[in-house]
Amino acid sequence: MRAGGAKFITFEGIDGAGKSSQIEFLVRQLVERGCSVIQTREPGGTPLGERLRDLVLHEAMDLETEALLMFAARREHLAQRILPALAAGQWVVSDRFTDATYAYQVGGRGLAEDRFRALEAWVHPGFQPDVTFLFDLPAEVAAGRVAQGTDRPDRFEREQAEFFERVRAAYLRRATADGQRFRIIGADRNREAIAADIEAEVGTWFR
Ligand code: TMP
């Protein structure tokens, strides 16, 4: 239980899963209920984290360098924003967190799982989000959405459908391993249906 009953909530899923508008929806729901909320994202969320984001999204680099930079940005994000906000009783809603490193770097790129576990245990021992919404949908459907939404794809958005199917499978493995924390959202549906699922979940937090 965190200060004032606030929660750390994360949104995950492959590129094109449609998280963004639902993050806005959740934040509005929480604010309407009188909660103090910070909305943030990874990689990013701090001035240094945003500079690291720019590098990992656009510069070619070694797989382990990529994983280390994700965790470096995360350490800064935890120290500067996430942990102070939770200590002050604020809700934190983040577009991605460590599950994304498991899905993309371990699942998608093939980073050794023990390397990932070591970094996770170093950067946030014993700490995880309270609730994680995993937006799940076939990679082909998500790819169509990404193609429509951007004309300058980043290093991840340029990957093929097979990469995103591996990322998707890794997310689902992580969700199976921690069923208490994850809410799997069928993301191949319209916005209203997805928002209804989120609203129902929010209702359970305030009963
Ligand atoms: P976004 O497009 O959802 O803002 O995320 C940026 C990209 O970074 C997205 O393609 C997923 C990727 N990513 C990783 O590969 N590992 C990570 O740990 C995080 C947080 C994001």
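Modeller: A search of the whole structure finds 19 salt bridges, each a side-chain nitrogen of Lys or Arg within 4 Å of a carboxyl oxygen of Asp or Glu. This is a predicted model, so local features need pLDDT of at least 70, side-chain atom pairs count only at pLDDT 80 or more, and totals for chains, interfaces and linings use all residues. Residues are numbered from 1 along each chain as its sequence is written, and side-chain values use heavy atoms, with hydrogens and water left out.

Start with arginine 174 and aspartate 99. Their side chains meet in a salt bridge, 2.6 Å from N to O. Arginine 174 lies in helix H7 (residues 161-177) and aspartate 99 in helix H4, so the pair ties together parts 75 residues apart in sequence. Helices (H or I, at least four residues) and strands (E, at least two) are DSSP runs, numbered from the N terminus. Both arginine 174 and aspartate 99 are buried. Buried means under 20% relative accessible area, exposed over 50%, and partly exposed in between, with a 1.4 Å probe and protein chains only.

Glutamate 113 and arginine 117 form a salt bridge at 2.7 Å, N to O. Both lie in helix H5, four residues apart, about one turn of the helix. Glutamate 113 counts as partly exposed at 34% relative accessibility. Arginine 117 is partly exposed too, at 37%.

Another salt bridge joins glutamate 66 to arginine 109, with the closest N and O atoms 2.9 Å apart. Glutamate 66 is in helix H3, and arginine 109 is in the loop between H4 and helix H5 (113-123), 43 residues apart. Glutamate 66 is buried at 0% relative accessibility, whereas arginine 109 is partly exposed at 23%.

Charge also meets rings. The charged end of arginine 74 sits over the ring of phenylalanine 71, 4.8 Å from its centre. The test is NZ of Lys or CZ of Arg within 6 Å of the ring centre and within 35 degrees of the ring normal. Arginine 155 does likewise over phenylalanine 156, at 5.6 Å.

Now the ring pairs. The structure holds 15 aromatic pairs. Rings of Phe, Tyr and Trp (its six-membered ring) pair if their centres lie within 6.5 Å; planes under 30 degrees apart count as stacked, over 60 as edge-to-face and the rest as tilted. Phenylalanine 8 and phenylalanine 97 have ring centres 5.1 Å apart and planes at 85°, so the pair is edge-to-face. Both are buried. Phenylalanine 11 and phenylalanine 135 have centres 5.8 Å apart and planes at 45°, so this pair is tilted. Phenylalanine 11 lies in strand S1 and phenylalanine 135 in strand S4 (residues 131-136), so the pair joins parts 124 residues apart in sequence. Ring pairs link Phe11, Trp91, Phe133, Phe135, Trp205 and Phe206 into a cluster.

Phenylalanine 133 leads on to the core. Beyond its neighbours within four places in sequence, its contacts (heavy atoms within 4.5 Å) include Ile9, Leu26, Ile185 and Trp205. The largest nonpolar core has 59 residues, and Leu26, Tyr104 and Phe133 touch the most other members. Helix H3 (residues 63-87) gives this core its largest share, seven residues. Such a core is a set of buried Ala, Val, Leu, Ile, Met, Phe, Trp, Tyr and Cys residues joined through side-chain atoms within 4.5 Å.
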